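Reader: I am new to this structure and would like to learn how to read it. Could you take me through a few of its features, one at a time?

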Amino acid sequence: MKYQIVIAGFGGQGVVFLVKVLALCAGNRDLKFLGTENHGMSQRGGAVSCDIKIGDFSNPVIDRGQADLLIGLDANEALRNLQLLKEGGHVVSNAQDPFPEGLPFQVHTIDANAQALAGEFPIQGLNVFMLGVTLATVPDFPFSIEEIETALRQINAKVADQNIEVLHHALADAREMGE
Amino acid sequence: MKETLMGNDAIAWGLIHADVEMVSGYPGTPSSEILGMVQKIKSKLKLPVYAEWATNEKVGFEVAYAGAIAGKRTAATMKQVGLNVASDALMSAAYIGNRGGFLLIAADDPGFHSSQTEQDSRVFAKFARIPVLDPSTPQDAYDMTRYGVELSERFETPVMLRPVMRVCHAREIIEMEDATDFHPKEGKFVRNIPRWAAVPRDGRLQQGYEALDRIEAIAAYNWAEHLKPRFDALEGKSDVLILASGTGYAFTREAMEELEVEADLVKVEMPYPLPVEEIRKRFEAYEKVLVVEEPYPCIEEQVMDPAKVHGRLDKTMNRIDEMKKEHILEAFKKLGLYEGKNIYAPKLTFSIDVPPRPPALCPGCPHRDIYYAIMKVFKKSKSIYPSDIGCYTLALAQGAIDTILCMGASVSMASGLSLADPSKTVVATIGDGTFFHSGIPPLINAVYQGHRFILVILDNSTIAMTGRQVTPERFNQTLDIGRIVEGMGIKCYEHTYSHEMHKNIDFFKGIKKIFESEEHQGPLVVRVRQFCILDNERKDDWVPGEYAVVDPELCVACDQCTTVYKCPPMAYNAEGKIEIDPFLCAGCGGCLEIVCPTDAFKLDEEKSGGKQ
């Protein structure tokens, strides 16, 4: 299997946490994993994106037109990284406004910020929330809900229950969206 | 044992599994996590390891190098521009050599992600005549760290490990030793004055001859151990031979698979010293040779044959900036290896306008307020603002910085600028970490020669930009910046940051008055005590939890807050009014007075309640 994922957001949103979760998922199934981070000099608030390559790869960078999936924790950062997607690839993004028409990709957007503002989940859980939306909307996503739950427990047992709650909240929301 | 590790973590484990017992260095992206991880392993496994941040790279290098002279296995870590600072020590150490293994880890940053130059440390190793290893993945980094320490001990020379950002900050599931069986060597300095204290001319000339012989022997070893077996295994798949090193190898391998290109590919693990004659002999079986490496043409220059060798020098590859597989695809096309389409072309045929997100200080960062106050008091038209390397460099976004050169240069450039343009007031800024690193000698210079400028030391008590490493003063409070300055015979004016902006402005008004008074001579030094908003140990003592909202009736869209104050949560909404992103606002309260000319920033009573 070969699967390439880009996660885009800005500093403080927990992009790297998702990389660690997916690395654990890959390791648990004995799949090869390479990842890398792209960020400038900002500590908080600057653009951050991570490349994740699962399967037999030798370098961690994802080139333009190659990614199977782009997860956007922020709409602008997702749009900024669209060029990395392959034709027909999935983009799953937190976004207030719909994405432009006519993109050669499969687009799934959800206004996660509005939900967090309404108190449906804590904003610190935005990363896990978007992972849940991805699980519900992307059929070829390489990991199952159970595998993600296991990884969430491995990475931080203390807050695992809260994270898993956010994950299931997102799954329910995204399924409702699809109906 | 399989572990998911970042390249820098893999290097740290490699050091421990090579029985390296002393690690010293200075933080710098992308190298910083190496020493931090050694410290974590040390405390987790309770190992008798010295792993400490030095005041700068030269000091760090020398501490570790001395350990290796005394027979211990040691390492120094730094980024590539840090190696410039340590280079004086390196050049001589390359002549003298060492008894215990000594690994110099210099991390490069092709693509200028967070460095002011794109220099190639492999070329520095060649300049110093020491061997260099170039890992292509975190697994390589782990293996080569252990190998490098052995190599250094075997040939009694410093060895450089040169990982690039895509190795340091890559994550991979790697295979490493199951258990840590740590056996440090006994440290015993053996007096050998002709060696450890060799002086010009005869002593150093003799060592120069020995160093030449040594590097020749290592080149022969490189051939026998690494390159010959690889060349012997080639199958003559095409008339183009590819030599690739580090990430260049990883990129090339992947591009070949994806483009279905068949060619002979040799991985060069030790790009210097190369057995040039042997390699050139192998060129005879090929019409063309492509060298893929970054960022400088280090291998290419060594094996150069203008009739055959292609790479960066003849622009077959990209000359600058980080390598992409698209560059390799282009090179394959130029050399006739590939005729297909560009699979790395974007699939999106129209462009989407996305607002840029330029680097900025964190929401709640006190640097923003101090720079705002400095600009309010020392007007831009009448001042020059030299600054330095650190988080505060990001005050560029506020227009509060005029020059950036290298670590510590704010102080010496303030000297030069004040001499060259005395009509302006020079207000230099430097962080506490950078002041300790290399700001002290130029301040002594300025005091001794009486240069007239203001130096503001932004003391947040941490090396913030590289991940909040500890500063000398925080570790040991006897190292007081104020007393260091006063030791130069001048006063150190103290200010404590306040989220009430008028207090910062009033302080600098007072400083301006003193600086312009007739009694004042020479440099005027200010130390502002502040904090880092990401410093969980200290920030709660400073942040008042005063969250801001905008009164849309009062906002006149004047751009003051988005240009001179420049706090990331502030942006225009659809109605053309400033709105504060509630997820980003840190509750510092810095914008609540003076910043808005119409006082549109108001305290969000509901959100701030209970936190005051």
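Author: Gladly! Let us begin with buried area, which is the accessible area that two parts lose on being put together, summed over both. Keep in mind that this is a predicted model. Here chain A and chain B bury about 4400 Å² between them, and carbon and sulfur atoms account for 57% of it.

Reader: Which three residues of chain A supply more of that area than any other three?

Author: They are Met41(A), Gln43(A) and Ser58(A), with 16% of the area that chain A buries against chain B. As for contacts, 56 residues of chain A touch 48 residues of chain B.

Reader: How many salt bridges are there between chain A and chain B?

Author: For a salt bridge, look for a side-chain nitrogen of Lys or Arg within 4 Å of a carboxyl oxygen of Asp or Glu. The count between the two chains is eight. One to find is Glu326(B) with Arg64(A), where the closest N and O atoms are 3.1 Å apart.

Reader: Which element gives the largest share of the side of chain A that touches chain B?

Author: That is S2(A), with seven residues. By class, this side of chain A has 23 nonpolar, 18 polar and 15 charged residues.

Reader: Now for chain B by itself. What domains is chain B divided into?

Author: There are domain 1 (2-197), domain 2 (231-334), domain 3 (366-538) and domain 4 (548-608). Two domains can be read much as two chains are. Between domain 1 and domain 2 of chain B, the buried area is about 2000 Å², with 62% from carbon and sulfur atoms. On the domain 1 side, Glu118(B), Arg122(B) and Lys126(B) lose the most area to domain 2, together 28% of what that side buries.

Reader: How many salt bridges are counted between domain 1 and domain 2 of chain B?

Author: The count is three.

Reader: Let us finish with a single residue. Is His451(B) buried or exposed?

Author: Buried means under 20% relative accessible area. His451(B) has 6%, so it counts as buried. You will find His451(B) in the loop between helix H16 (432-449) and strand S15 (454-459) of chain B. Its side chain makes a polar contact with the side chain of Gln449(B), at 3.1 Å. Leaving aside neighbours within four places in sequence, His451(B) is in contact with several residues, including Ser415(B), Leu419(B) and Pro523(B).

Terms used:
Residues numbered from 1 in each chain as written. Chains lettered and ligands numbered in written order. Predicted model: local features only at pLDDT ≥ 70, side-chain atom pairs only at ≥ 80, totals over all residues. Heavy atoms only, no water. Helix = DSSP H or I, 4+ residues; strand = E, 2+ residues; numbered from the N terminus. Buried < 20%, exposed > 50% of the residue type's maximum accessible area, 1.4 Å probe, protein only. Polar contact = N/O pair within 3.5 Å; in protein donor to acceptor, adjacent residues only side chain to side chain. Contact = heavy atoms within 4.5 Å. Domains from an automatic or database assignment. Buried area = accessible area lost by both parts, 1.4 Å probe. Nonpolar A, V, L, I, M, F, W, Y, C, P; charged D, E, K, R; others polar.
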